[in-house]
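User: Please take a close look at one part of this model. Keep it brisk, and give the cut-offs as you go.

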Amino acid sequence: MIGKEGGVLKAWEATVKKTHAVAKKRANSIFGTITIGHVEEDHHQENHHSNGSNRVAEENGSSEPLEVYHEEKFLPNGDYYTGEWAESFPHGFGKYLWLDGCMYVGDWYKGKKTGRGTFSWPSGATYEGEFKNGFMDGTGVYTSANGDTYKGQWVMNLKQGHGFKSFSNGDWYDGDWKKDVTEGKGRYEWKDESHYFGEWKNGVISGKGVFVFHNGNKFEGHWEDGVPKGTGTFKWPDGCYYAGNWSRDGRDQDGTYHPSESLDEEEDGHCHAHWEPSELYTALSYYRVGRGEKVPVLPSQKKLAIWRSSKGGESGKPRRMSVDGRVSLGSDRSSDRWHDGGDGEAPIPPPPKTPPKAATDLDDELMNIQIEDESTGPLKPLKAPKKAKRQGETICKGHKNYELMLNLQLGIRHSVARPAPSASLDLKPSAFDPKEKVWTRFPPEGSKYTPPHPSAEFKWKDYCPVVFRALRKLFKVDPADYMLSICGNEALRELCSPGKSGSFFYLTNDDRYMIKTMKKAEVKALLRMLPAYYTHFRTYQSTMVTKYYGLHCVKLTGHIQRKVRFIIMGNLFRSKYNTHRRYDLKGSSLGRTTDKPETEISETTILKDLDLNFIFRLQSSRFEEFCSQIDRDCELLEQEGIMDYSLLVGIHFRHISPEGELVPCGSENLIGVNMPARVERTVRKRSSELQLVGEPIGEFYDVILHFGIIDILQDYDISKKLEHAYKSIQYDSTSISAVDPRLYSRRFRDFILRIFTEDSS
C-alpha cells in the first residue's frame, strides 16, 4: 500500500511540474523571457521600479514605506505573475496572467489594480488606461473583439462622463455617457454621414435634437424612445418644410406644410406633392444606433490566486486574495502549506483531496470564490436566497378581520376626502395638541356625512388630522392616489404573524403602504413627539426616520366593545428592485439572530445583527451625508426619550442575471432610496460567537440599498427599566436592547458607522 501510494504521489508531482513548465513556457511566449535579475533592462519597468509604487501610494493617501522587490510566481492553478512585490501582494509594476487567458500589465497597490495599466481578454478585447481598486476608473480606451473602440471617462467599470466611441461598421458617437449608456448631449454619425445631434436618455435618442440625412433633409424637434414625438419641423434642402405635432402611430399627428418662398407653385407641387409624415418614420427605421458587445468578465471580478512570498522568513502559509487585495485567514494545517524547492523550481502544492466544485450560474451563487476560514475550512459561496411568494394573506369576505378592513377603508376615505382648507406647512401649536382629534360615527344605514356600509356600526377617530394632512403634503402624497392605494377595490393583505410587540401588520395591494396596529402607549409616545417629528422632517428631507401618514382609531360599538389603533406608514421595500435580503439592525447581540435554518431563509426573512455578513460601502459624497443624517436622526430620538429602534436594510444584488447585465440604478435623491452601493462580505471567528461585526474578506458585490429607521415609538418606561435591570443580572448590559436612550443612541450610531463605511474606490 505504501509503495502504491508513493507511486501515485510521484506521478502526481510529475504532472504538477509538467503543468508549471507549460505555464512558464506560455508566460514567456507572452511576456518574453524575464528573470528577476534582468527586469530593470526594460526602461518602462525601471521607471516603475524607482517611483511607481511610491506614486500609487501617494494617490491612495498612504505614506507607509514597503519593501518592494521582484518576484516571479507560477501558481498551482496555472496563473502566473512577475513583477514588483511587497509583503504578500503585487505592489508597483507587474504582470498577471490568468489561466483563462486574461492578462493585466500595469500598476498595483497592495494587490489592487490601481494606477495605469492594460487588461486584455482572450477574445482579443483590451482596455488601456486608469484603474482604481481593480475597476476601470478614470480615463481609458476599450477596444472590443469586434473592433468597436471607446475612449473616454470611466467610473467603476462603467462609461461615465464624456467619451468617443467608434463602431466597426463605420458609425461613431461623441458625447455624454452615464452608467455605461449614452445619456445627456451627444452626436451620433452613421457611415453614410447622416447624423443626429441632441439629447439622449438611457442609450436612446430622447429630448430635443436634430437629425440630418445624407441627402440634406433634416428633422429638428422633440424625440422620445428614438423617434420624433411632439413638436418638430421637417425641412427639405430647397427650403420647404412641414411643422407641427408628430406621433408615430399617427393619432396625434397634426401639422402644416409650408412651401419655400424661392419656388414657384409648379416646382413646389412637383417636389413634395405626395409626401406624408409617416415617411420620416420609415426613413429613420433604417438608422440603428450601434450596441457594444458585453464584456464577458470585468477586471474587478478577476481574483488573484496569490500566496505569501517566502522572503523574510515567511512560512509559506497560503492566503487567498481578492480583487481589493485583502487576504483571508489562512489555515495552519500542514497539508495546506507550500514547500519551496531548493532548486529554484515552482512550489509544489499538496495533492487534491476532492475534485473542485463546478461553478454555477449567478442565479444560484453570487460568487463562486472559496475563501479559507481559520477554523472551519473553505467558506461556502454565498447563494441567492429562495424566491418568496407574495407576502400576506388577502383579507376577503369570511376573514376574521374583514369587517375591520372595511371600517378602516371607510374611515380613511372619509378623512382624506373631508373638505378642509388648503394644508399649510406652517402649523399652529394647537394642531399638535394630543386632544386635537375628530370622532365620526358610521352607522350601517349611513348618515349626513358617511355612506351606508355592510358592517356593524363603528366610530372613527382621527388624531391630529391637520398635522398628518400637512405631513402627507410634505411627503408629496397625492390624496387621490393615497385613497386608491388603501381604499380601492383591491383588498389589504395581512402578514402571516404578528410582530414581537404583538402588533399586526397589513399591506396595501400595491405594496405602497403598511398599516400597523398600535398600543395605547405607542400612540401617546407619537403624539408627544409629533411637534419635534414634524419639525425634523421639514428641516431634513433626507431623514431616514419612518414616514407616518396618518394615526387613527376604530371603536367597535357592537357586542364586541374594543378599540383598534393603527398607524399608516410607508413600505420601505416597495421598489422596482427585488429585495434579496432584509436586515433589522439594532447594534445589540442578545437574541439578535434568526431562528430559521439556512434552508428556510427566503427573500422576505428578516435577518438580525448576528446574521449580518456584510459591510456596506457607500460612495464618498453619499457616505458623508449618511453620517450626518444618522447623527441628526439619533439626536431626535434621544431627545424624545426613545430607544429600541432599528435600521431596516434591504439589499438588491445587481449581478444575478445569467447574462451578467447590470441593473440600471434608480433615484439617488434621498438617502436609503434605491441607493447604489457595494457590500463587502465578512466572516465571524468561530471562537467569538457574539462578535457583532465580522472581519471583511475582500469579496464585493454591487447592490442597490433601501434603508430607514423604524420602531421609533418605544419609550424607556418602567417596563423597559425593569427589563434592563433583570437582563443585566444575567447578561452583559451592553448586549441587550433595553437600555437608556442616551446609551442606546450612542451604541446604535457606533454600530451603524462600523457597518456602513466610505467606498474609496
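Analyst: Start at the turn. In the hairpin of strand 15 and strand 16, Gly 239 takes a positive phi near 100 degrees. This hairpin has 5 residues between the strands. The model is predicted, so local features need pLDDT of at least 70, side-chain atom pairs count only at pLDDT 80 or more, and totals for chains, interfaces and linings use all residues. Numbering starts from 1 along each chain as its sequence is written, and side-chain values use heavy atoms, without hydrogens or water.

Strand 15 spans residues 227–235 and strand 16 spans residues 241–246. They pair (at least two DSSP bridges) in the antiparallel sense, over 6 bridges. Strands are DSSP E runs of at least two residues, helices H or I runs of at least four, numbered from the N terminus. Lys 235 has Tyr 241 of strand 16 as its bridge partner.

Strand 16 has another neighbor. It is joined to strand 17 (residues 254–258) by 5 bridges, and the two run antiparallel. Here Ala 243 is bridged to Thr 256 of strand 17.

For contrast, take a helix residue. Ser 745 sits in helix 11, residues 741–755. Ser 745 is buried at 0% relative accessible area (buried is under 20%, exposed over 50%, partly exposed in between, with a 1.4 Å probe and protein chains only). Its side chain makes a polar contact with the side chain of Glu 638, at 3.2 Å (a donor–acceptor pair of N or O atoms within 3.5 Å). Leaving out residues up to four places away in sequence, Ser 745 touches Cys 634, Glu 638 and Tyr 645 (contact means heavy atoms within 4.5 Å).
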